[in-house]
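Here is a short briefing for a first look. Keep the sequence and the 3D view at hand.

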Amino acid sequence: MSVASLQRSHSHVPGDSQHQPVTTYRLQLTPEFDFDAVCQTVPYLKELGITDVFFSPILQAAPGSTHGYDVVDHDKISAELGGLAGFERASAAIHDAGMHLVVDVVPNHMAVPTPLYHNRAMWSVLRDGRESPYAHWFDFDVSDDSDGLLLPVLGQRIGRVLADGELTLDTMVVPGFEADGPISVLRYYDHVFPVRIGTESLPLVDLLERQFYRLAYWRVANEELNYRRFFDVDTLAAIRVERPEVFRASHALLINLMHRGLIDAFRIDHPDGLADPREYFRHLHEATQGAWLVAEKILEGDEQLPDDWPCSGTTGYDALYRIQGLFTEPAGVGPLTQLYSEISGKTDSVATTELVAKRQIVSTSLYTEIHRLGTLIADVCHSDVRLRDHTFRRILEVISELVVHMPRYRAYVVPGERPDPDNEAIIQKAAEASRVNLDEDSQETLDIVVDLLLGNEIGSAGRTLEDRRREAIIRFQQVCGAVMAKGVEDTTFYRYTALVSANEVGGSPNHMVTSLDEFHNWQGYMHQAWPVSGVVTSTHDTKRGEDVRAHISALTQFPVEWTQLVTQLRSSLIDNRPAQLDGQFENLMWQTIIGTWSATGPISCDRLDAYLLKAAREQKRWTTWTEQDSDAEEEMLAYAHAIITDPSSREAIDDFWEKLQPAVRANILGARALHMTMVGVPDIYQGEEVTQTSLVDPDNRRSIDFARLSAMLSELDANGLPSNPTLDEEKLWLTSRLARLRAENPLLASAHAGYQALPVSTGHAIAFARTNHDDPFLITVATRSVGLIQNSAHTIVIPDGEWIDILTGTTIAGGTQLLSGVTDRFPVAILGKKD
């Protein structure tokens, strides 16, 4: 059955004329792996069984970009990747091979590049102010009576910069503005800034005062930045895609390429940063005529994607944390948490750790966002005589409390609409948690602020739709997401390190374990609500790759042995351990080392060093990105080097790693089996068809040896699995068989493929069937915590009929079967029904 022949009968699947992806494969495009390199890779991806190639962003990015999320020009395909012609060649190669193309879209922000003229829109606004055709693109004021855009790029305060002559007036033909001829510009080392027309002949100090921007010392950003950013990244400025003209202009090229048949579907980056994600998806749904659209949306706990978003679901982080939790043994979490507490001296809960981290973020890197929101709400109150006694200090205190107590990335309150009960409850829950930290006067201010944020009638009548009130509702929600990302993902995850495999994008150390019932119930919901949503196990954003997590989560099956190993090595290496090393960080270090260990030993010191330095600075305790303690960092790295190079330490870790491997193998193959057969559309991150030791970016964007992978696959296809295969060979075998199965059975990526849990007599295995009209046609069985399965008589009930194990070719009859018989060759079994 072809994808096109499947009837579309669900509100969250693509329209009848649109392509439905079946199995996607994510490629990270770089100048070293460009469109022409993609063309060379297409035959391998086709042989692997991939139906849809998935590109990272393709629009023109800032100079030196290695990821593409720092777009500078929406009208151009990246020249470094090969430009439009190169893209057309790659798309043609993909489509000629019978595959399709998914492209990543970045609607929330653009780069503030160096030099600035690479972003033509921003250059135009900063030169021409409100006369610029891009005047309404960005979230900052360029009126004559404002300071303009704060550009915190100076290495010292501006008084010293001027005194030292570091800022100069020059003349040049600006790239992209050649028609203007030579024009005046300001230069500061590699930076080039426009000069407002008519101010060229002014003395330098007066000239600076007249610009539509303000050059400032870089440390000023954390206190006075006046534009909305992507989280706390000064070089990524938000754009107002909620304005129809901005949406059309920023999406025109990509939509045109889709209408030409060169692009088939889109992934949408960070929609939570937008003013109104639902409205954005409505516009995009209409512009793409109902294409498959997935949202990079992080759902907290049991949070559900809003049903009124016209998209096909999320990119799959909600699946990742549930799969990860299935392969985490509950009984091992307590002992590992005890070890963490002993090493770190910390007993704070996850919730307390998060709250402390969020408070740090709102008082430091995101203080300007909080201050800006507080100023806006204070202005709303001051303009209404009934509200003006609520002071700025009280409002700022209330806003800070509300933001740190928000349990989700954001609520979805649309100005002018009554919020639904769920979104109202989320804000009210944050308010009640905040109330205990406020005195009586501030509690009264809290009630006012909550009413404003919910769009309720408060103060003088008839003012709920005023622009500033509407803006306050939107900005609050945008700030909440930034604080959650920086406070939880980029701080708490590096502090609460009891089991770092749970500290993953979309997951939480609050949810380390997924029960079988939880997984089955969630799959039933997904089949009904979001049947073609994305499913991922690794991405360019994950904190560590799936195989690293598989090693770390396997520790929950061996907590006593792991505790003994760490205790022994800490004792033997005591002279190498820095006296002041943060214990939470040390626990992360130990788990990182075992997570990235392999048959050849540890990863390189260069890779480990780069990761540990990033992790330490993200932790924000004893060193940070802006206040680096170089001596302490060097001591920490020396300790890590001792752990992985000391002969007795290496031998002990090698021995433990060998003991761990059966559990790791079951985790890796089990996760891949679920990834490829559960409800939704699986995405394979580049290179993850074999095992990887990838850590957080940029480590996970290392180049992939596709020639080697292609040769491995050809060997497997020609000769089958060897008698004693490596785990790489087994993972590639499993991935390729399942990808090809999906390509032959696109029903799996549709609303018609149901989900049915199957009975197993042990909690150490999961089994389910995919169904068509309630008739099972595919069965997945995966063991978990294999070292703890004691009873060889455990059974599984297989639906009636004859079944063939797709991995081994073995025939299995329906009815009650021994689990050990079904999984004797692999820790997983994939059974297809015989015709």
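Predicted model: local features only at pLDDT ≥ 70, side-chain atom pairs only at ≥ 80, totals over all residues.

Residues are numbered from 1 along each chain as its sequence is written, and side-chain values use heavy atoms, with hydrogens and water left out.

**The sheet**

- Three strands form an open sheet in the order S8-S9-S10, with antiparallel pairing.
- Strands are DSSP runs of E with at least two residues, and helices are runs of H or I with at least four, numbered from the N terminus.
- Two strands pair if DSSP finds at least two bridges between them.
- S8 (167–173) and S10 (191–194) are the edge strands; each has a single partner strand, so one side of each lacks a neighbour in the sheet.
- Neighbouring strands here are turned by 40° against each other on average, direction ignored.
- S9 (residues 182–188) is joined to S10 by four bridges, and the two run antiparallel.
- Leu 186 stands opposite Phe 193 in S10.

**The loop residue**

- Asn 503 sits in the loop between helix H16 (467–489) and helix H17 (516–529).
- Asn 503 counts as buried because its relative accessible area is 0%; buried means under 20%, exposed over 50%, and partly exposed in between (1.4 Å probe, protein chains only).
- Contact means heavy atoms within 4.5 Å.
- Leaving aside neighbours within four places in sequence, Asn 503 is in contact with Phe 493, Tyr 496, Thr 497, Pro 509, Lys 543 and Arg 544.
- The side chain of Asn 503 reaches the backbone oxygen of Tyr 496 at 2.8 Å.

Technical notes
Polar contact = N/O pair within 3.5 Å; in protein donor to acceptor, adjacent residues only side chain to side chain. Axes fitted to C-alpha atoms, helices over the stretch in contact; angles between N-to-C directions.
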